[in-house]
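Student: I am new to this structure and would like a close look at a single part of it. Please take me through that part in one connected answer.

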Amino acid sequence: MSQPAARSIVVVSAGLSQPSTTRLLADRLSAAVDRHLRDAGVEANIEVLELREYAQDLTNNLLTGFPSPRLQAAIDEVLGADGLIAVTPIFSASYSGLFKMFFDVVDRDGLAGKPSLIAATGGTARHSLAIEHAIRPLFAYLNAAVVATGVYAAAEDWGGGLTADGNLVERIDRAASELTTAIVARPHQDQPDRFESPVAFEELLRSNNAPD
Amino acid sequence: MQFGVFTVGDVTPDPTTGHAVSEAERIQIMVTVALKAEEVGLDVFATGEHHNPPFVPSSPTTMLGYVAAKTERLMLSTATTLITTNDPVKIAEDYAMLQHLAGGRVDLMMGRGNMGPVYPWFGQDIRNGIALAYENYALLHRLWREDVVDWEGKFRTPLTGFTSTPRPLDGVPPFVWHGSIRSPEIAEQAAYYGDGFFHNNIFWPKEHVQRMVELYRRRFEHYGHGPADQAIVGLGGHVFMRQNSQDAIREFRPYFDHAPVYGGSMSLEDYMAQTPMTIGSPQEVIDRTMSFREIVGDYQRQLFLADHAGLPLKTVLEQMDMLGELVVPVLRREFAALRPADVPDGPPLHPAVVAAGATRNVTERADENATATLVAG
């Protein structure tokens with residue numbers, strides 16, 4: 001069996017403090033995905049984007065309508081990745097504003113079909129369904145292929161041990177396994193360059209004139 | 001190469017005084033800017049078209065018709081004409097009429113607008129933006145070239161046996177630019193028709209301007225309109241000058257910080273670094289403008305944003321004096337010295353197109369006569 005090529009994973013972490021619990025969870029998830037991919041004989045290239053470092057650029061993009069070169073580079077990494085791990089703290093019953101700002105400036109169709117793992121951190125387990133009622137609908141709108149297991153880590157989970165049913169380590173491993181399966185099953189998607197290979201005007205006109 | 005000013009026609013309070021002009025005053029300011037453009041030796045005045053406050057220019061041909069009567073040589077243009085929500089039949093009629101009144105000193109720039117509710121206000125859907133730009137322009141293109149048009153499309157009531165009047169002056173349709181900041185489909189459209197392509201060159205980093213223009217040039221050649229470097233390119237620009245660069249920055253900073261389009265975002269310095277905006281001395285404006293040529297190649301039209309963001313009229317007129325006296329003469333000379341002989345020095349002007357058409361007709365008739373002689377012989 002031939003060795004599959006390396007696959008790229010981008011981890012988007014919207015934690016604000018340093019050190020951050022959100023980053024801690026992001027690192028555990030990426031380590032687990034790395035392990036599962038290697039077990040499947042696939043090399044993983046994992047990049048972490050700390051959104052905190054792009055907070056000013058994101059505000060500027062929303063106000064001026066264009067990304068700074070460094071923010072554009074971050075967006076391009078996400079668009080080109082084979083898989084996405086998105087982790088946010090839960091603020092006021094939902095993802096943080098910073099997390100949403102980033103996905104607001106990524107191209108509307110840029111995440112379509114992309115294997116994605118969603119995860120969140122919070123003070124108590126009472127907010128754990130924010131993953132299902134806030135984060136999952138966002139990625140459903142973006143047509144991302146979100147794996148079934150979302151990982152929520154409450155403060156108490158970090159002292160939850162390894163034996164309890166459904167403990168954090170087990171949940172991380174299950175989600176990472178699902179993401180790995182999805183990444184391996186999907187061939188690498190080349191990003192179409194609309195400038196290098198434009199759609200011919202006749203073709204654009206034809207689709208324009210097609211009946212609704 | 002043509003140089004001029006374009007205006008959005010915004011009513012923005014002067015952030016240094018809190019004073020906002022009335023609509024009546026703003027309209028007079030726009031006209032004053034247009035007349036000043038001719039006075040200081042600029043070539044083009046282009047007005048925006050908007051259908052919501054705080055903008056006043058909803059009726060470009062009314063304003064341009066007035067300016068036409070008050071000027072002798074100034075080219076009258078738009079930045080932009082909404083090809084999406086205007087009826088293409090009315091555009092054909094209005095601009096042909098303007099062309100007659102202005103003696104051919106008219107071209108126009110197609111754009112899609114930037115305000116969502118304008119589409120439903122005019123019975124359209126913003127999701128059809130590109131589709132409307134394509135269909136409406138295809139119809140407009142025919143209305144100016146065919147005396148009798150039968151037509152049916154998706155967005156407008158069909159036409160059978162329709163003649164758009166008046167016919168274009170001397171049978172020559174106004175030259176058309178297509179403006180877009182980020183849509184390659186519009187660069188493709190401009191290339192397909194062999195029309196001009198204009199990038200506003202204000203909000204976007206230069207790499208994006210470069211990609212759009214490069215695509216347009218490559219496709220212009222692909223569609224057989226001539227070599228890529230002879231395609232017709234226009235750029236916007238955003239400048240503010242004082243003799244001393246620091247004075248320019250100090251004076252302009254409050255206008256930048258409170259301007260509707262970028263106020264409250266990054267610093268003026270960062271914005272200048274990331275976009276083509278130039279606030280400084282006339283020499284800095286010259287150097288920066290010359291650098292556009294390195295980004296997009298030799299181009300045919302440069303428009304500057306003059307009156308906006310609440311700048312007082314007196315300041316705007318001082319800026320135009322500096323453009324006319326200190327900046328544009330140098331730019332004309334330096335661009336001309338660098339431009340290869342086979343690259344057009346501007347978009348096609350009406351008299352030149354009429355003359356070329358006359359020459360072609362004479363040549364064709366001569367050819368026909370020669371053929372007739374041959375056959376008879």
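Student: How far apart do the C-alpha centres of domain 1 of chain B and domain 2 of chain B lie?

Tutor: This is a predicted model, and in it the C-alpha centres of domain 1 and domain 2 of chain B lie 35 Å apart. According to the domain assignment, domain 1 of chain B covers 2–346 and domain 2 covers 348–377. The two domains do touch: six residues of domain 1 of chain B are in contact with seven residues of domain 2 of chain B. On the domain 1 side of that contact there are three nonpolar, two polar and one charged residues.

Two helices of chain B also deserve attention. Helix H2 (residues 60–70) of chain B packs with helix H3 (residues 88–101) of chain B at an angle of about 5°, and their axes are 10 Å apart. Because angles under 35 degrees count as roughly parallel, H2(B) is roughly parallel to H3(B). From H2(B), the residues B:Thr61, B:Leu64, B:Gly65 and B:Ala68 meet B:Asp94, B:Tyr95, B:Leu98 and B:Leu101 of H3(B). By class, this contact has five nonpolar, two polar and one charged residues.

Chain B has a partner as well, with 19 of its residues in contact with 15 residues of chain A. Helices H5 (129–143), H6 (184–193) and H7 (206–222) of chain B each supply at least two residues of the side that touches chain A. H6(B) gives the most to that side, with five residues. The side of chain B that touches chain A consists of ten nonpolar, four polar and five charged residues.

Conventions: Residues are numbered from 1 along each chain as its sequence is written. Chains are lettered from A and ligands numbered from 1 in the order in which they are written. This is a predicted model: local features need pLDDT of at least 70, side-chain atom pairs count only at pLDDT 80 or more; totals for chains, interfaces and linings use all residues. Helices (H or I, at least four residues) and strands (E, at least two) are DSSP runs, numbered from the N terminus. Ala, Val, Leu, Ile, Met, Phe, Trp, Tyr, Cys and Pro count as nonpolar, Asp, Glu, Lys and Arg as charged, and the others, Gly among them, as polar. Axes are lines fitted to C-alpha atoms, for helices over the stretch in contact, and angles run from 0 to 180 degrees between N-to-C directions. Angles under 35 degrees count as roughly parallel, over 145 as roughly antiparallel, 65 to 115 as roughly perpendicular and the rest as oblique. Domain bounds come from an automatic or database domain assignment.
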